[in-house]
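Hi everyone, thanks for coming.

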Amino acid sequence: MNILKFGGTSVANANNINKVINIVANSSKNNSVIVVVSALGGTTDILLNSARKAEKKDTSYIEDIKSLEKRHLNTASELITNSTQGQVLNQITIYFNELRSILEGIYLINEFSDKTNDKIVSFGEILSSYIIFEAMKSMKLNASLKNSQELIITDENYTNANVDFARTEKNIQNFYANNTSQIIIVPGFVASTIHGENSTLGRGGSDYTASIFAKALNAEELQIWTDVSGMFTANPRLVKQAKPIQHISYHEAMELSHFGAKVLFPPTIQPVLDKKIPIRIKNTFAPNEIGTLITSQTNGSSSPAKGISHIENIALITIEGSGMIGIPGFTKRILEVLSNAEINVSLVTQASSEHFLCMGINSCDVNEAEKLFNTAFAYEKAQKIIDPLIIEDNLVIIALVGDNMKNHQGISGRMFSTLGRNNVNIRAIAQGASEKNITAVIDQKDVKKALNTLHNTFFEGNTKQMNLFVVGVGNVGGKLLEQIHQQQQFLIDEQHLDVRIIGITNSKKMYFNSDGVDLNNWKSNLIENGETLDLELFSKKVKELNYRNSIFVDNTANEKISTLYADYLKNSIAVVTCNKIACSSEYKNYQELKYLSKKYNAPFLFETNVGAGLPIIDTLKNLILSGDKVNKIQAVLSGSLNFIFNNFNADNSFYDVVKEAGVQGFTEPDPRIDLSGVDVMRKILILARESGNILELNDIENESFLPKEAIDADSVDDFLATLEPNASHFNEIRLKAEKENCRLKYVAEFDNGKGKVGLQHIPSDHPFYNLDGSDNIVLFFTDRYSEQPLIIKGAGAGADVTASGLFADIIRIGNK
């Protein structure tokens, strides 16, 4: 024999009740079943609100009850279409007339006692059980109806009555022994006192009813049918990767339920624990799904943790002072203050020094608790034995739960390091000796990130989700999105990295999708669904989303955007950039960004600042970290200038080659940055700084090859307009090099603490001579590479290679 309990959503309307009847019919083919039903969804709240209105002389309760009656009559009419319909509808009307009489009494005497409360709310389950029974009977099912008020006996603690199990179990056993129906329908939640007065079983009462019947009849299984497919590894509304737990122990289920999982209310399953009766959580709307089986033993899962749960609206109250140390009973006094006021304490933690006690309570109880403490410990405060109460609000308790955690080392370390890496500040920690749960208190704003981060660590096979916010989706940014799209599945399969694009911008619009931008349609979504670009609003949105492993990707050459890096890093949001402005700005700012990166554990990567996708900065870092010292750097660092001077000849004018470099994406949007040498100055400055030197941009000597009118040009168009009239100037430079059998290369040097950039005549035996196309080359002369320099050479410009360098930095963060 099985017990099946159906909650309010399962019996909310005729359509849902038909689903319930189908489930019951199938379940009763081979076993007799007792079906415990809740009130139609929302009914209990309407009944209570109507009673409160009546008490306050608010006559709108009359319409509320009229609407509720109509709902029940319509539900019954849809379910029962045979000749018994009139009789059933008449009985429902009788119930509602009785309900109206009680409400009229409340209205007249202005009193709504707990005893009357139980009379009022009992109508919900009485009505639903009657309607469902009559519907089953009309379908020729072998069903009977029994009012559980006649079987479950309680004390007179109305609204939350205590069950007299001896009498109750005897009543249930006697009734069942004399019943021949295959299906027995009983209302949940309701009971009666030994004197026959209506009582109710409190929160989770229908589950409790089912558990009481299961224990009394030693049922094979207690099934709780609800609107979710079992208990989940986390709240699926907050963690989309959450999955049903197929098998869990009683203790794990109670821990998860205590910490916020709404499927079960812990006290309700207590009656089945001693009998070790299995509990199965099933979904009324997906009955073929496995659900969750709850038994005394776990299923031997390889994962030490079974789930993550949380409680919102928590406040921490901390009482501390030297007068607490070594005083017997002080902690007892503190907790009694709350207990006597019926304030529930969700968490307690105390230092071994006994200098302070920290307690987690519901936020709504904070003001009352503060008043009680100030009164109870007024003397101690006056004597400065204890300090004023410390109150922290807007907090959440999160709990990692699992029976097997005690058998695995390092679970706490993994949990807290995971939170720390994502800048989730932990305000308090509690862990019992049984190690069945590890509990932490965090800020409310971090709850979604914390749950997702922990779920990723413990339940997602170590697949790391990375959330990107990409500013600039032109040449480089567009190629980056293309490369990510191409490699997304590969990275999941091979690197366990789930790279998602959450926000994108161009120069005019920005677009967000919290589930990830569809990279098949990102252009149309940005144009059609994007909002006007506002960098401050973009930044605010990134921080509000507060995703784990967030990365801000800057594909621009915009100075204003570079000033936002510090704020992102302070919020533990990694920064990946090809924008050289930040790292070549004032040394103080460069150092500040590096400091913030370390302080907030937020990577700041800028490999593409020098050499596009070439591993120049990474190689330099590894040299320094391994103890080598860089003494001299020689480099051709401008792919655009190398392209220009490689293609500038008697057949191609300087102007034409510059235009072609722009078309092919080798130059910055403003070519003056490249041709003035400023871009190369920034790059050699960055390399010098990464080598451990303190320099400013104006410390780099710039030997410009441009004529004065080109340098003084006010706009890009004006600049380009100066190139053709000065063709003879550029030709003269070229001819001088050719006369010496040399090639022109724009070279950056750093030697003996000084840096310079400028055009040089490169002879045929120099490593720079055969540098083709837009390639870059860097020569590092170090203590270890003193005679033969360490050479890095390859494509140093272009959207594809720059995007690949950015992508490599993103992957580097993912593999950290």
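I'll go through some salt bridges, a sheet, a helix and a few single residues.

Before that, the ground rules. This is a predicted model, where local features need pLDDT of at least 70 and side-chain atom pairs count only at pLDDT 80 or more, while totals for chains, interfaces and linings use all residues. Residues are numbered from 1 along each chain as its sequence is written, and side-chain values use heavy atoms, with hydrogens and water left out.

Okay, salt bridges. By that I mean a side-chain nitrogen of Lys or Arg within 4 Å of a carboxyl oxygen of Asp or Glu. How many salt bridges does the structure hold? There are 28. One of them pairs K5 with D207, with the closest N and O atoms 2.9 Å apart. K5 sits in strand β1 (residues 2-6) and D207 in helix α7 (residues 205-216), so this pair ties together parts that are 202 residues apart in sequence. When I say helix or strand, I mean DSSP runs numbered from the N terminus: H or I with at least four residues for helices, E with at least two for strands.

Are K5 and D207 buried or exposed? Both are buried. The cut-offs are these: buried is under 20% relative accessible area, exposed is over 50%, and partly exposed is in between, using a 1.4 Å probe and protein chains only.

Now find R280, which forms a salt bridge with E221, the closest N and O atoms being 3.3 Å apart. R280 is in strand β10 and E221 is in strand β8 (residues 221-226), so here the linked parts are 59 residues apart in sequence. R280 is partly exposed at 21% relative accessible area, whereas E221 has 13% and therefore counts as buried.

One more pair: D567 and K543, with their closest N and O atoms 2.5 Å apart, form a salt bridge too. This one goes from helix α19 (residues 565-570), where D567 lies, to helix α17 (residues 535-545), where K543 lies, so it ties together parts 24 residues apart in sequence. D567 is partly exposed, with 30% relative accessible area, and K543 is partly exposed as well, with 28%. There's also a network: E392, R427 and D443 are joined by salt bridges that share partners.

Back to strand β10 for a second, because it covers residues 279-283 and so includes N283. N283 has a relative accessible area of 9%, so we call it buried. Its side chain makes a polar contact with the side chain of S229, at 3.1 Å. A polar contact here is a pair of N or O atoms within 3.5 Å; within protein, one must be able to donate a hydrogen and the other to accept it, and residues adjacent in sequence count only if both atoms are side-chain atoms.

Next, a sheet. Three strands make an open sheet in the order β4-β6-β7, with mixed pairing. β4 (153-154) and β7 (198-200) stand at the edges with a single partner strand each, so one side of each has no neighbour in the sheet. Strands pair if DSSP finds at least two bridges between them, and β4 and β6 (residues 190-193) are joined by two, running parallel. If you zoom in, I153 stands opposite S192 in β6.

Now helix α10 (residues 330-340), where F330, I334, V337 and L338 are buried. Why are they on the same side of α10? They cover an arc of only 90 degrees around the axis, which puts them there; the arc is that of the directions from the helix axis to the C-beta atoms. In general, an α-helix has 3.6 residues a turn, so residues three or four places apart point the same way. On the other side of α10, K332 and N340 are exposed. The buried residues pack against β12 (307-320), β13 (345-350), β14 (356-362) and α11 (366-376), where contact means heavy atoms within 4.5 Å.

Last stop, positive phi values. Just after α10, E342 has one of about 55 degrees. H496 is not a glycine, yet its phi is positive too, at about 55 degrees. You'll find H496 in the loop between α15 (475-495) and β19 (497-505), and it is partly exposed, with a relative accessible area of 37%.

That's my tour, thanks!
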